[in-house]
Amino acid sequence: MSAPVDSLSQPRFVAGDNGDRLLQVSLGPQHPSTHGVFRMNVDLDGETVVRLKPVFGYLHRNHEKIAESATYLGSIPYTDRLDYICSLTNNWAYALAVEKLAGIEVPERAEYLRIITAELTRLINHTAFAGFILGDMGAWGSALMYAFREREKILDLFEDLTGARMMCNYMRFGGCRCDTPEGWVDRAKKVVAEYPAFLDELEQLLLGNEILLARTRDVGALPAATLLDGGITGPLLRAAGCAYDVRKVDGYGLYSRFKFRVPLGGHGDCYDRIMIRFLEMRESLAILREALDTLPAGPVINPKVKVRAFKPPVGEAYARIEGPKGELGFYLVSDGSPRPYRYRVRPPSFINLTLLEDMCLGRDLADVVVILGSIDIVLGEVDR
Amino acid sequence: MNPEPAVILEQIRAAVPAARPVLLRNPGPAGQDSILLDTASAQDVFRFLKTAPGLEFDLLSNLTGTDWPEPATAHSVGVPPEIPPPPAQGFLEVVCHLYSTLRREGPLVVRMRTADRAEGAHLPTLTPVYRSAEFQEREVFDLFGVVFEGHPDLRRILMWDEFHDFPMRRDYVAPDDYEYEPTPHEAVWERAKEHYAVPDGTSETGAPAPPQSLGLADEAACEAACSPLREERDRLSPNPPASDREVTP
Amino acid sequence: MSAAPKWIPPGIGLLQGLAVTGKNFIGSFFRADRMTTVQYPEERVTLSPNSRNIPFLVFDGGDPDTGLRCVACGICEKECPPQCIYIVLDRDENGKSLKRPKVFDIDASVCMNCGICAEVCPFDSIFMDQEYELSSADRFKGLLFDKATLAKSATYHAKIRPLEAAAVAERKRAEEAKRAAAQAAKEAKAKADAAKKAEAPPTISNARPAGGSASPPDLSPTRSGQESDPPKSTQPTAPEEAP
């Protein structure tokens, strides 16, 4: 945000490394391809990207400071608003961190419900992603509307279970806030059973499309070692062929009980990133089928955990989960008071942008939009 | 699977003789003990942790800061068995969580502390070792004011460049520059009154009238709170918004 | 994987995609699963009973003033994450708490509908409403809901959330029964004591009045699995009254 406001609307010329005259384009913040309010200062040599500096903070509200002045419970609704497409995985990561911090056990049924809701969230995220990236490539409308139509079905399930469609506020320390309403599991089973047909349709719409292939293949690829060095996790890392899935590695929750595969890409380009998400959705559906079939009875929350005046013991904890966008971590320090002394979110969207410049160098300006779309960011989480 | 910081500590001592690592116990049930590094050899130690066979902590997952204006609090949270001389004044701390994707281990918690919270708030950058530190260090610099020496592009990242303070510090006081609105919260209301000298209905004894359900009940108070705002806005922008103009039937 | 699975002639992928679009387009005229648009406001979807929006206060009986379950303990005010609740405890002229709110405001422009107030309330007095048409032309006064706006009858609660209301009613009945049993036991004990005293030499002639039957009903929270937070934090922060 260093450039004066009036200069943003004017093209500017800056000097390149070898004395070239480069055109500086301010892409965003109000641009449909930036998925929110995000700006990139792109220096162009002709049409080629020579430099790219992302500019953040338009949505910054200091989530961490707010959480440090709220009670542990009071932060849960705020975590909904980090990555507002995936509120339930945010809830889970935070609840997991607090459970580690205080040494809380979670009942089995609650673990199952967490897995079910988290995998449904992954479905939502990846489905919406497929729609958004098509929007980034200029195919406004169809794909996004089909994706949102299916997403609605899962949001209906969420509303039934948690009371809200997006800001679910569902998980609690030691379990989940409420049990499933009557008939919910059957409705969820029905949605899960019908989902593969939609995925087939969406794949048919997208994956063979010549325009999509031309726009995404060999675009934005980086080797897996570079991605790992840049802290990039989640589908992006796996698309480059690195088999690293926190669900498998940490086995948090009860994921070690479920059979699922970790899809891997070969090239790490934008096409692989799209494909990975399609394959992950299939695996999520497998987990969902198994979890919904074997959902055990029992309590959904550990009754020993206090709702009011919850105070974890002195100490610190870092916990992470495999969020739909990557590794989502929470770092908490407790000084024994009802408010966290330090509360930190490790936002995958934010850290995945570290290598945005590297991915875009030497590409055309139009590719920047596709690469940014393939990283799949949500500004609520980037800016916090 | 969690690594053994005590074992790694010995390996660090053997490999980087200049390093003075200290083991900090985590008193909580999470059991994530941490290694405190001195700043001089920190980069070497991180390079060792990243590359040494058998360690290979190749993913710097999380890097963040913590503000400890009172060192006593820091010691209650992390109690070292070999107690280093506690800094007399407070300090800032940078905490890193490292993972090994090859050996599927982690988190290894490594921390560094600054000498103080003012001029001495300097730490070596980790960006040459771990690229993922780049934005996270900028964030710590932005919100905590830790200067990372050698960082390629140390600018504010979330706050705007002209901002001066460090909002995540414990003693940060938010600037009192909000646009006040009629609110049911008396704390905010009191501050609003300080700003705009609202002619409130003080009682005969001079004590301020209780801020009753403002807004809904009290049209006058609402108007009183808004009018200075409007004047201010009108002064700033020559054309008042249409909603404020006189509507002639 | 990145290489397309097998070679397909150029243009086929596009045509496949167009077939999907065509299927959706034609289907959107007569297939129920592709006709998803609801013509609001003429049509409305039925909300799930769990669906939540702005909070409301429940009152028993017909009068929202006297029947309000809220005792102004201030727990929701304290726990509310965005701090949008504002409560002033009602007191009589001697400064004694009347265990009811004098002011209960919710700033709907701040409220984020998280439902934590309903979750922490030990008196079953605040619940989440399903009213969603809350827009107002006045962004200050129109969005600040006072006690009269927030108060809704227990019948309304039973209508929008039958299961939750039934559970609350059941809990209340159980508490009532428990209280009645305790009361009965107390009275029996008092009677026995009195009988004993009557047998004993009348050294203390004026025995205590029969065991505390005049004391107000016990309002302590008894929701299972929750820590009972005594409603003592009600000390209102209202300014001192001028002498």
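In chain C, 68% of the contacts with a separation of 6 or more are between residues 24 or more positions apart; a contact is heavy atoms within 4.5 Å. Before I go on, some housekeeping: this is a predicted model, where local features need pLDDT of at least 70 and side-chain atom pairs count only at pLDDT 80 or more, while totals for chains, interfaces and linings use all residues. Residues are numbered from 1 along each chain as its sequence is written, chains are lettered from A and ligands numbered from 1 in the order in which they are written, and side-chain values use heavy atoms, with hydrogens and water left out.

Okay, still chain C. Its secondary structure comes to 6 helices and 6 strands, taken as DSSP runs numbered from the N terminus (helices H or I, at least four residues; strands E, at least two). From the N terminus, the order reads α-β-α-β-β-α-β-β-α-β-α-α. Of its 243 residues, 34% are buried, meaning under 20% relative accessible area with a 1.4 Å probe, protein chains only.

Now hop over to chain A. Which strands pair with β10(A)? On one side of the list there's β9 (residues 315–323), antiparallel over 9 bridges, and Ala319(A) stands opposite Phe330(A). A hairpin of 2 residues joins β9(A) to β10(A). Then there's β11 (residues 342–346), also antiparallel to β10(A), over 5 bridges, with Val333(A) opposite Arg342(A). Pairing here takes at least two DSSP bridges.

And β10(A) itself, residues 326–334? 9 of its 9 residues are buried, so the strand is largely enclosed by the rest of the structure.

How values were computed. Buried < 20%, exposed > 50% of the residue type's maximum accessible area, 1.4 Å probe, protein only.
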